[in-house]
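Here's a quick briefing to read alongside the structure. Have a look at it first, then we'll go through it topic by topic.

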Amino acid sequence: MQIARRLFLTRTAALISAAALPLAPLRGWAVTTMTAGGLRIDSVSDGHIEFPPDFAFAMIPKGERADLLRGLDIDPAAVVRSPLNITLLRQGDRVVLFDAGSGPDFVPTAGTLVEGLSAIGVAPGDVTDVIFTHGHPDHLWGVLDDFDEPLFPSAAHRMGQVEFDYWTDPATIDAIGAERQSFAAGAMRRLTALGQRMDRFGDGDEILPGIRAVMTPGHTPGHMSFQIGTPAEGLFVTGDVVTMLAGFARPDLGAATDHDPALAAQTRAALLARLADEGWRMLGYHLPDGGIGRVRRDGGAFSFDSEA
Ligand SMILES: [Zn+2]
């Protein structure tokens with residue numbers, strides 16, 4: 001498998017209405033890889049989210065923060081631009097998306113998935129399957145269009161049972177905490193709109209031929225990763241198990257966006273060890289330059305070798 005090509009496409013001004021013009025122009029782009037086995041994978045951008053550094057790096061002890069981040073070529077004082085990388089898998093007649101992006105209602109810097117797909121010749125109606133890692137806004141909210149209709153009308157939609165139960169439980173909106181209440185309301189609205197279109201799966205299920213669900217809880221209660229094919233010719237879709245480069249260097253630290261930081265850290269360390277030892281290529285939803293790379297053991301922790 002090798003990176004075959006990388007596309008950068010500047011969004012035309014016509015795509016952005018004057019009223020919604022963001023401070024920086026959005027770019028839709030895709031990184032493409034191919035396997036010898038007829039498996040074709042693209043990392044398609046849904047834009048990015050901006051976080052203040054004090055939020056993004058809150059879990060890194062202040063005394064260690066500057067050194068750790070500078071070692072990763074990250075300015076500890078700069079606004080963090082967290083990319084949104086959607087995995088598109090094409091194999092035979094199947095056009096499979098892992099997560100649906102943010103849609104128009106989350107943040108103005110995100111929601112570029114349709115343009116990114118269009119740039120590589122894929123229309124929403126071509127998508128046969130949408131498989132969710134979890135129910136956060138930047139992964140789920142793009143599933144409905146501007147008219148609250150399913151954006152991918154021909155697709156089967158699938159989410160892990162534990163994750164589905166969490167976001168459809170009426171008690172979640174009160175239990176989740178004030179800062180995430182809009183996440184709960186937004187997920188409930190979308191899952192209700194999808195209704196019977198959303199199928200569920202469990203840990204270890206082979207969802208589609210060659211695609212297996214791997215329960216990776218902590219970031220959210222029922223977060224799922226996906227193992228596609230084999231380490232030699234496949235890919236591990238890791239969703240939000242590791243959301244920043246600092247997570248490789250310090251997998252023991254939770255991330256600010258983790259629901260259960262301690263469980264997320266445990267899951268992160270275990271999955272990174274497995275990916276490194278088995279030699280998987282991974283695609284991380286929030287990692288730089290399309291998020292495709294390999295995990296290396298690095299002392300007692302890990303590092304990420306980007307293939308961009
Ligand atoms: Zn998330």
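Which residues do ring pairs link into a cluster? Phe-98, Phe-201 and Phe-226 are the ones joined that way. Bear in mind that this is a predicted model. The chain carries nine helices and 15 strands, and 52% of its 308 residues count as buried.

**Overall picture**

- If you take the contacts in the protein chain with a separation of 6 or more, 67% of them come from residues 24 or more positions apart.

**The zinc site**

- Four residues coordinate the zinc ion: His-134 through NE2, His-136 through ND1, His-219 through NE2 and Asp-240 through OD, at 2.1 to 2.3 Å.
- The angles subtended by the four donor atoms run from 88 to 172 degrees, so the arrangement is irregular. A tetrahedral call would need all angles to lie between 85 and 135 degrees, and the range here reaches 172 degrees.
- Along the sequence, the donor residues follow the spacing H-x1-H-x82-H-x20-D.
- His-219 sits in the loop between β10 (211-215) and β11 (224-228), while Asp-240 is in the loop between β12 (235-239) and α8 (246-249), so this pair ties together parts that are 21 residues apart in sequence.
- Buried or exposed? Both His-219 and Asp-240 are buried.

- You'll find Thr-133 in the loop between β6 (129-131) and α4 (137-140).
- Thr-133 has a relative accessible area of 1%, so it counts as buried; the cut-off for that label is under 20%.
- Its side chain makes a polar contact with the side chain of His-134, at 2.8 Å, and His-134 is itself one of the zinc-coordinating residues.
- Setting aside residues up to four places away in sequence, Thr-133 touches Asp-99, His-139, Gly-222, His-223, Met-224, Phe-226, Val-237 and Gly-239. Phe-226 in that list is also part of the ring cluster.

**Aromatic pairs**

- How many aromatic pairs are there? The count comes to eight.
- In the Phe-98 and Phe-226 pair, the ring centres are 5.4 Å apart and the planes are at 45 degrees, so the pair is tilted.
- Phe-98 belongs to strand β5 (residues 94-98) and Phe-226 to strand β11, so their pairing ties together parts that are 128 residues apart in sequence. Both residues, Phe-98 and Phe-226, are buried.
- Phe-106 and Trp-141 make another pair, with ring centres 5.5 Å apart and planes at 70 degrees, so this one is edge-to-face.
- Here the link runs loop to loop: Phe-106 is in the loop between β5 and α3 (113-119) and Trp-141 in the loop between α4 and β7 (156-160), so the pair ties together parts that are 35 residues apart in sequence.
- What about accessibility for these two? Phe-106 is partly exposed at 24% relative accessibility, whereas Trp-141 is buried at 9%.

**A charge over a ring**

- Arg-200 lies over the face of Phe-164, at 3.9 Å from the ring centre.

**Ala-255**

- Ala-255 is in the loop between α8 and α9 (261-278).
- With 4% relative accessibility, Ala-255 counts as buried.
- Its contacts, leaving aside neighbours within four places in sequence, are Met-59, Thr-243 and Arg-268.

- Asp-73 has phi near 65 degrees, a positive value in a residue other than glycine. Asp-73 is in the loop between α2 (62-71) and β4 (80-91), and at 77% relative accessibility it counts as exposed.
- Asp-148 also has phi near 65 degrees, again positive in a residue other than glycine. Asp-148 is in the loop between α4 and β7, and its relative accessible area of 37% makes it partly exposed.

How values were computed: Residues numbered from 1 in each chain as written. Predicted model: local features only at pLDDT ≥ 70, side-chain atom pairs only at ≥ 80, totals over all residues. Heavy atoms only, no water. Helix = DSSP H or I, 4+ residues; strand = E, 2+ residues; numbered from the N terminus. Buried < 20%, exposed > 50% of the residue type's maximum accessible area, 1.4 Å probe, protein only. Polar contact = N/O pair within 3.5 Å; in protein donor to acceptor, adjacent residues only side chain to side chain. Contact = heavy atoms within 4.5 Å. Donors = N, O, S within 2.8 Å, 3.2 Å for Na, K, Ca; no water. Tetrahedral: all angles 85-135°; square planar, octahedral: opposite > 155°, others 65-115°. Phe/Tyr/Trp six-rings, centres within 6.5 Å; stacked < 30°, edge-to-face > 60°. Lys NZ or Arg CZ within 6 Å of the ring centre and 35° of its normal.
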